[in-house]
Amino acid sequence: MLLAAIRLSLSRNGYEVPDVLKHTFDIIKLTICSTHNPDCLNRKCEQCSTELVNDLLRPWTTEGEENLLSLRRWVDDLISMLSMHPKHVCNARAQASSFKAAKASLKHHEALVVVDFAENFTCRERVEAQSTYWNRNNVSINPMEAMFNKYMAVTRDSVIAMTPDLKHDASAVKVFIQILAKHLQSHYPEITNIVVWSDGCAAQYKSRVPLYNIAHAFDTTMGITWNFFGSRHGKCEADGEAAVVKNHLDRVVKAEDRSVGDAQAAFHILNSSERKITSGSSRRHFYLISEDEMKAAKEGPVPGQSFTDYTIT
């Protein structure tokens, strides 16, 4: 956002925008010696400095026009940000490169999966009373985009879990991963290795509870590698699938005078053969999980269990 504001301010005042200001990574490279040196990324290197950025923008920040006052403040904020965030930006770029390489080198017995919670879908009707606007139901959507190497080309199978339960936590991830595991094992028995990418949210994927559930969801003969994107980076395939699904539901409401009042109605529309969403070689499978099933997965320990010394089974 800071770079966009600086570029806009320079162009509005008739200045040519330097190429180095067009991407965050390019301007970060000006301030560090190496993108692979931990000391440089953590700002412990004595040779790294943000002075080059200051020198680059100094001709505009030292001029006295009133319309450049905001530019001077933005440059100060940019230099402050550059002193703290090179590691995050470089890690995100490296993770994106790793994901691209993994997709390009898929083997025939491997599956590459991207999982992420989408923004909840707000149910709606074509014609509704005013009070309905404030009491709409929501549907939690969790797209899991699986990619395979079929006939020297990448094919896709989207496993999309839907539920009226709106808690995006590790227990929900447990249910969704179990659905993904059963789907892959039943539809693709030849797959022996799964590479999964998700974000690093500790409440959902990156903590002891989800990692334990993940380890016990898949067959023990199947190899699993779980990778984490940087915060607010990646997940492009999952986000695209969620957008396609929600856009399809919106079109049904507007064009066909249908109502999507709850998760059951949304699932019925998406799963009906005459409204199947198709796009090339991609497949989409929808799974509806009831609130009772979600609550069963979130049940805590049995009362008094913390005082139990041993159990007999």
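Arg284 is buried in this predicted model, with a relative accessible area of 8%. The side chain of Arg284 meets that of Glu241 in a salt bridge, 2.7 Å from N to O. This pair links distant parts of the chain, with Arg284 in strand β7 and Glu241 in helix α10, 43 residues apart.

- Glu241 lies in helix α10 and has 8% relative accessibility, so it counts as buried, the cut-off being under 20%.
- Apart from neighbours within four places in sequence, the residues in contact with Glu241 are Pro143, Glu145, Ser158, Ile160 and Arg284.
- The contact with Arg284 is also a polar one between the two side chains, at 2.7 Å.

- Glu237 forms a salt bridge with Lys103, and the closest N and O atoms are 2.8 Å apart.
- Glu237 belongs to helix α10 and Lys103 to helix α6 (residues 86-104), so that this pair joins distant parts of the chain, 134 residues apart.
- Glu237 is buried at a relative accessible area of 11%, whereas Lys103 is partly exposed at 23%.
- Asp250 forms a salt bridge with Arg124, with 3.5 Å between the closest N and O atoms.
- Here too distant parts of the chain are linked: Asp250 is in helix α10 and Arg124 in the loop between β2 (121-122) and α7 (130-133), 126 residues apart.
- Arg124 is partly exposed, with a relative accessible area of 26%.

**Helix α11**

- Within α11 (residues 263-271), the buried residues include Ala263, Ala266, Phe267, Ile269 and Leu270.
- These residues cover an arc of only 165° around the axis, which puts them on the same side of α11.
- The elements covering the buried residues of α11 include β3 (138-150), β4 (153-163), α10 (236-256) and β7 (283-288).
- At the start of α11, a side-chain oxygen of Asp262 comes to within 3.3 Å of the backbone nitrogen of Gln264.

**Strand β1**

- Strand β1 (residues 110-115) is largely enclosed by the rest of the structure, because 6 of its 6 residues are buried.
- Glu110, Leu112 and Val114 point one way from β1, while Ala111, Val113 and Val115 point the other way.
- In a regular strand, side chains alternate between the two faces of the sheet.
- β1 runs parallel to strand β5 (residues 193-198), to which 5 bridges join it, and Val114 has Trp197 of β5 as its bridge partner.
- With β3, β1 pairs in the antiparallel sense over 5 bridges, and Leu112 stands opposite Met147 in β3.

Technical notes: Residues numbered from 1 in each chain as written. Predicted model: local features only at pLDDT ≥ 70, side-chain atom pairs only at ≥ 80, totals over all residues. Heavy atoms only, no water. Buried < 20%, exposed > 50% of the residue type's maximum accessible area, 1.4 Å probe, protein only. Helix = DSSP H or I, 4+ residues; strand = E, 2+ residues; numbered from the N terminus. Arc of directions from axis to C-beta. Contact = heavy atoms within 4.5 Å. Polar contact = N/O pair within 3.5 Å; in protein donor to acceptor, adjacent residues only side chain to side chain. Pairing = 2+ DSSP bridges. Salt bridge = Lys/Arg side-chain N within 4 Å of Asp/Glu carboxyl O.
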